[in-house]
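Subject: Structure handover

Hello,

Here is the structure I promised to pass on. Please open it alongside this email and follow the notes below.

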Amino acid sequence: VSQQCFMAWSRGQNLSLQGPFILLGFPGPHSLHVGLFLLFLVMYVLTVAGNLAIISLIGAHRRLQTPMYFFLCNLSFLEIWFTTACVPKTLATFASQNGAISLAGCAAQMYFVFSLGCTEYFLLAAMAYDCYLAICLPLRYGGIMTPALAVRLALGSWLCGFSAITVPATLITRLSFCGSRVINHFFCDIAPWIVLSCTDTRVVELTSFGIAFCVILGSCGVTLVSYAYIIVTIVRIPSTQGRHRAFSTCSSHLTVVLIWYGSTIFLHVRTSVESSLDLTKAFTVLNTIVTPVLNPFIYTLRNKDVKEALCRTVKGR
């Protein structure tokens, strides 16, 4: 697509319904695109390598083959695909200066990004429940959190995550787009896509808002209740060493939860999609690029068992 065509798109010229969408990305000089390309590429490689390392460590060490680390494996696997759903296309856009994407491609990208995002909410809630059992009910932990229950919780998280986004995704694909087809984002996000529609989007907006609200509120409720019990239990432990040991069990998960919820609540719980799209882009970078690359480092640096397994692997023992 030539530069002249791109400028025509960006000015909102009418296009046929069969034409591609254009991902605007980050407008700016060529030097900015080169810098962002290198930054996104490094972050993507670190995300994939770091999360693959976590999965490999857990698979190679029997001590780590517990429900807690089974959930961590699921989280690492999810982060790899969550980032892969949007970053490679962004890198291709930076490299080719062509952000064209088909309607089917845009719908598929949106579905997978948001399905994986919803799955992460449910998975973090399941991990919070696991932490609650480990700290508050340590003597009953093995009897309650059996391998079978861990598998059911993980599978339920994946199924609920991919089911939750089905209705809004179906509604969005039925919208008509008869004006500008420039998506003010670096991937096919729901908000900037809805703005382009020339039909009534209130049903889509309310449905997306309602599902986001239910997913966030439900998973956040489980997480908050779990940590309320955890905090009360830790405070009641008489020894400082015991409190430190109990807190270290869940500190990595708590750090990930705070980063994830802090960056995504703004993105999904809002009633209007026509404002703050540029601010939304900035928060989405934190959510889709920065958070997945931080998780392996958080679990490696703040988790004693993972650090010991990593040291044994490096030393060849």
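**A partly exposed valine**

Val-42 is partly exposed, because its relative accessible area is 48%. Buried means under 20% relative accessible area, exposed means over 50%, and partly exposed is in between (1.4 Å probe, protein chains only). Val-42 sits in helix H2, which covers residues 30–60. Helices (H or I, at least four residues) and strands (E, at least two) are DSSP runs, numbered from the N terminus.

Val-42 also belongs to a nonpolar surface patch, together with Leu-46 and Phe-297. The patch comes to about 260 Å². Patches are made of residues with over 30% relative accessible area and no salt bridge; like charges are joined within 9 Å, and nonpolar side chains (Val, Leu, Ile, Met, Phe, Trp, Tyr) within 5 Å. A salt bridge is a side-chain nitrogen of Lys or Arg within 4 Å of a carboxyl oxygen of Asp or Glu. Accessible areas come from the Shrake-Rupley method with a 1.4 Å probe; for residues, only the protein chains shown count as cover.

**What you are looking at**

This is a predicted model: local features need pLDDT of at least 70, side-chain atom pairs count only at pLDDT 80 or more, and totals for chains, interfaces and linings use all residues. Residues are numbered from 1 along each chain as its sequence is written, and side-chain values use heavy atoms, with hydrogens and water left out.

The protein has 317 residues, and 47% of them are buried. Its secondary structure comes to 13 helices and three strands. It exposes about 15,100 Å², with 69% of that supplied by carbon and sulfur atoms. Take the contacts with a separation of 6 or more: 79% of them are between residues 24 or more positions apart. Contact means heavy atoms within 4.5 Å.

**The disulfide**

How many disulfides does the structure hold? It holds one. A disulfide is counted when a pair of cysteine sulfur atoms lies within 2.5 Å. In general, it is a covalent bond between the sulfur atoms of two cysteines.

Here Cys-106 is joined to Cys-188, with an S to S distance of 1.9 Å. The two cysteines are 82 residues apart and link distant parts of the chain. Cys-106 is in helix H5 (residues 103–136). Cys-188 is in the loop between strand E3 (182–183) and helix H9 (190–195). Why is the disulfide left-handed? The torsion about the S-S bond is about -115°, so it is left-handed. Cys-106 is buried, at 0% relative accessible area. Cys-188 is buried as well, also at 0%.

**Around the disulfide**

Gln-109 is in helix H5. It counts as buried, because its relative accessibility is 7%. A polar atom of its side chain lies 2.8 Å from the backbone nitrogen of Cys-188. Leaving aside neighbours within four places in sequence, Gln-109 touches several residues, including Cys-86, Phe-187 and Cys-188. Cys-86 is buried, with a relative accessible area of 0%.

Val-113 is in helix H5 too. Is Val-113 buried or exposed? It is buried, because its relative accessibility is 3%. Val-113 and Phe-187 are 74 residues apart along the chain, yet their C-alpha atoms are separated by 9.3 Å.

**One more pair**

Thr-284 is in helix H12 (residues 277–301). It is buried, at 2% relative accessibility. Thr-284 and Asp-189 are 95 residues apart in sequence and 9.3 Å apart in space, C-alpha to C-alpha.

Best wishes

Note on methods: Polar contact = N/O pair within 3.5 Å; in protein donor to acceptor, adjacent residues only side chain to side chain.
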